[in-house]
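Please read this briefing with the sequence and the 3D view open side by side.

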Amino acid sequence: MTPTNGRASATPLFHHAPKPRHNPTFCFVSLAFVVLKSTVMKCAAALVLVALAYPAAAQTPAARAIQLPYSEFTLPNGLRVILHEDHSVPMVTVNMWYHVGSAREKEKRTGFAHLFEHLMFMGSGHVKPGEFDEWLEAAGGDNNGSTENDRTNYWINVPSTSLELALFLESDRMGYLLDTMTPKTVDAQRDVVKNERRQSVENRPYGTAEVVIGEMLYPAAHPYHWPVIGYMDDLTAASYDDVVGFFKKYYAPSNASLVVAGDLQPADARKVIEKWFGDVKAGPAPEPMTIPGASLTGVQKKTITDRVQLPRVYLAWLTPRHFEPGDAALDIVADVLAGGKNSRLYKRLVYDMQIAQDVNAFQASAQLSSSFQIVATPRPGHTVADVQKVIDEEIQKLQREAPSAHELERAVNQIESSFYNRMERVGGFGGVADQLNAYFTYTGDPDWFNEDLARYRALSPNDVSAAAVQFLPLGARVELTVEPEKRP
Amino acid sequence: MRMPFIVLVAALSSGVLAAQQAPDRSHPPQPGPPAPLRLPSIQKQKLSNGLPVWIVDDHKVPVAQVNLVVFSGTANDPPGKYGVASFAAAMLEEGAGSRSALEIADAVDFLGADVGATSTSDASAVRLHVPVARLADALPIMGDVALRPTFPRDELDRQRQQRLTSLLQGRDDPPTIAAVAFSRVLYGKGHRYGTAQMGTAETIKTFTSDDLRSFYAAAFRPENATLLAVGDFNAATVVPLLEKTFGSWKAAASAAPEKLPPAEPPARRQIYLIDKPGAPQSQIRIGSIGVPRSTPDYFPIIVMNTILGGSFTSRLNNNLREVHGYAYGASSGFDMRLGSGPFFAAAGVQTDKTAEALTEFFNELNAILKPVPAEELARAKNYVSLRYPSSFESTGDISRRLEDALVYHLPDDYFAKYVQNIQAVSAADVQRVAQKYVQPDRVAVVVVGDLKAIEPRIRALNLGTITTLSIDDVFGPKP
């Protein structure tokens, strides 16, 4: 599911846009030299999906096993803390995950978890509005946050000699956020978030399609029915009282986990973490969620229009949750279908027939339910029906016969490489600290890297086709078409 | 100095006790002195054919990054052939040596490698990232791609259709329209910087294999290239591998590089409006001709821009996002190249506040001409310089820093002196470069939005001459 980034900031002076693989148009990075960070992140998100869908390894045996030594402790107020040492650059990162996302939102308050995330940067009991960012920048620090369906994360990267400043700020907003919160603060960030929605959904080509897919996949009462960014009316309705209630319910230390990683000495770091988080009061555990079931019994079809030149087709299925049986096999299905030039759909639609500009497939893994999606854009002169026919033929073929050993190995090799690549940065979104927190949050084990990789290594070609049979029935899915808006 | 171990244990065992007392939150903890900057050490060697090789050992993760950088880019596109460098780079992976496009992709994917070839304004590069255990398997593929491209005719046609469709789709995206229009109105059709790196539909339709080959032959020569290798190896083990792939590479023909004409900043403020009916936001770009990367004002400009629109607390972001809520974010930047790239300020703002946002942009562009307060200056300098070490974190990061050093001829002590050069910038320096390069009365303003809703109020601002452009004016006729 698409994360919603809390904050925009300036483009680095020399922005080397990542090269989209085999799909130069999906993000259209090549023409744009002015992009806000938010836009960059959107592109990055799409690339990550492609990269995961591609993800891949080889005749040469794997390199050394991934080892991420860490230590772990729990404060008396219930905050779980994970420490990881890495002295390659003199920086540390403070990475906090709150185990709450848009799935916890109340009726008529969609988008609230993300609006709340924005308020976390607006000062707290001992930090006046504006000082959070001013102090961090004055120390050479960077920070950001993002919201998904199931969690909200925050990170602060600072030079290692400013670790205490980062811990002070992170603990102050956990302990004392409401001391300085006012209805005016809520109003200010409400406007910012509405502009984030305009920029990332309404004014972005095909931006509304993702929202509609969620609505079609899940019944109205299911928390994945509504988008993380929320609906405009609900953002308008969000109140100061909602902020107080949400904070008390979901922002207790026992509903969070903290990873501090980088250039640190664990014993010293533990001392200062205890110092700054020790006075944060414990809170009640959130009530368990009751999740209505979601299933697709037939084909749900819909056509919407957008201000675009070309139509696009989205096919989507409900699939097993993150890390459940079938989840890893569906990552491989995505790669076999649309990862790289030799993938079946890319090769037929884009390379041989040249009737599509792009095709992507991915398993969007999440905690309560996942979805598998195939997205393709017909070239001028070709239709969604032409493209969808080929997609269905290839799904059926994969359901009939297992992929070759070579196809499977190619996919697993790419996944294995992606694990190494993910080790190169400690802080920020997707850095080592963020991954430790993600694994902790979803599996209970921060260092679940090898177990995760083992899921892919264990797959046989038959497992891949079996997953396609079980989870991608042609007769029970969402079929969304975006057609170009007709203007006089 | 760290505490002796025994004392540490005692401190830890009293942790619960300490946790019961609230810490003093009346003042934020003060940062300690920054750790000394440890720069990667660069070993500079040559292969037997004279190709320079820069090597950095980085043993954190078992991966390797190898980049072949050539010092010719899209700025070297001849008139009438805008887009040829970018097209040629994209074609390198579409057939090389005895391998077809599909064979290259399959081999690269099977190794879990990533191979990419791109052209930017001032350079082109073939870059390989791969688990180090598979470096020896991946280098021959990279070698074919970089040294023996075949430019097959059918792949050329495929790539052409891909690019034409991509240009067509660019017309959907307001930030893309704004960026392309901004370059065009500042530099015009006759300057390379006035056209997207990809070129136009008109040029893309005309390229032949010979066009691509001639760009390739002029650009990809050992005398015009450097090889970078960053990763989990050392020079003794990696140089023989690089020698095997690149050591026998011979020069082909060379050609005189294109000279860029000088670009003149606008003589007065000019407004360009582009209609995007129904758009809920207006994309705004304001700016002028900036500076080349070689400018002696580099460090003052970096600091000035950080204050204006280069960080979260910068004036533009604070004003347009935090104070007024007109935008999700606002920024500014200097796109420095071998020639003078643009200076720009940018945001996407809600349609009904477009005129107000333009007023605030100009308030900030005028305010930066006045002296900056000491605290704001110190914050900007620290923000840029203290996090500098993180720009050397991954193998990709390090290789990009080395590429910058090569392409822009940075001095050997550039990285080592970076922090002190930033810290040396004074308030007077910032004011001087702001007055010299920002010039709010001599800028181009591009607004892409719903003109029916925004045009009357923009006109009422009386900012300058207003010209309305069509999407075709920006992109040329629909492909």
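This is a predicted model: local features need pLDDT of at least 70, side-chain atom pairs count only at pLDDT 80 or more; totals for chains, interfaces and linings use all residues.

Residues are numbered from 1 along each chain as its sequence is written, while chains are lettered from A and ligands numbered from 1 in the order in which they are written.

**Confidence**

- The model has an ipTM of 0.94 and a pTM of 0.92.
- Chain B has a mean pLDDT of 93, with 95% of its residues at 70 or more; pLDDT is the predictor's confidence in each residue, from 0 to 100.
- Residues 1-19 of chain B have pLDDT below 50, and this stretch has 18 contacts in the model beyond near neighbours in sequence.

**Domains of chain A**

- Chain A is assigned domain 1 (75-277) and domain 2 (299-484); such bounds come from an automatic or database domain assignment.
- The C-alpha centres of these two domains of chain A are 29 Å apart.
- Their contact involves 31 residues of domain 1 and 30 residues of domain 2 of chain A, where contact requires the C-beta atoms of two residues, placed from the backbone, to lie within 7 Å.
- On the side of domain 1 of chain A that touches domain 2, helix H6 (207-217) of chain A gives the most, with six residues. Helices (H or I, at least four residues) and strands (E, at least two) are DSSP runs, numbered from the N terminus.
- That side of domain 1 of chain A has 16 nonpolar, twelve polar and three charged residues. Ala, Val, Leu, Ile, Met, Phe, Trp, Tyr, Cys and Pro count as nonpolar, Asp, Glu, Lys and Arg as charged, and the others, Gly among them, as polar.

**Domains of chain B**

- In chain B, the assignment gives domain 1 (43-246) and domain 2 (270-475).
- The contact between them takes 34 residues from domain 1 and 30 residues from domain 2 of chain B.
- Helix H7 (174-187) of chain B supplies twelve residues, the largest share of the side of domain 1 that touches domain 2.

**Contact between the chains**

- In chain A, 95 residues are in contact with 101 residues of chain B.
- H5(A) provides eight residues, the largest share of the side of chain A that touches chain B.
- This side of chain A contains 37 nonpolar, 30 polar and 28 charged residues.

**A sheet in chain B**

- Six strands of chain B form an open sheet with mixed pairing, in the order E11-E12-E10-E13-E9-E14; two strands pair if DSSP finds at least two bridges between them.
- Strands E11 (327-334) and E14 (465-469) of chain B are the edge strands, and each pairs on one side only.
- Strands E9 (residues 270-275) and E13 (residues 444-449) of chain B run parallel and are joined by six bridges.
- B:Ile271 has B:Val445 in E13(B) as its bridge partner.
- H7(B) packs on the sheet, and its direction makes about 155° with that of E13(B).

**A helix pair in chain A**

- The axes of helices H13 (residues 405-421) and H15 (residues 449-457) of chain A come within 10 Å and cross at roughly 170°. Axes are lines fitted to C-alpha atoms, for helices over the stretch in contact, and angles run from 0 to 180 degrees between N-to-C directions.
- H13(A) is therefore roughly antiparallel to H15(A). Angles under 35 degrees count as roughly parallel, over 145 as roughly antiparallel, 65 to 115 as roughly perpendicular and the rest as oblique.
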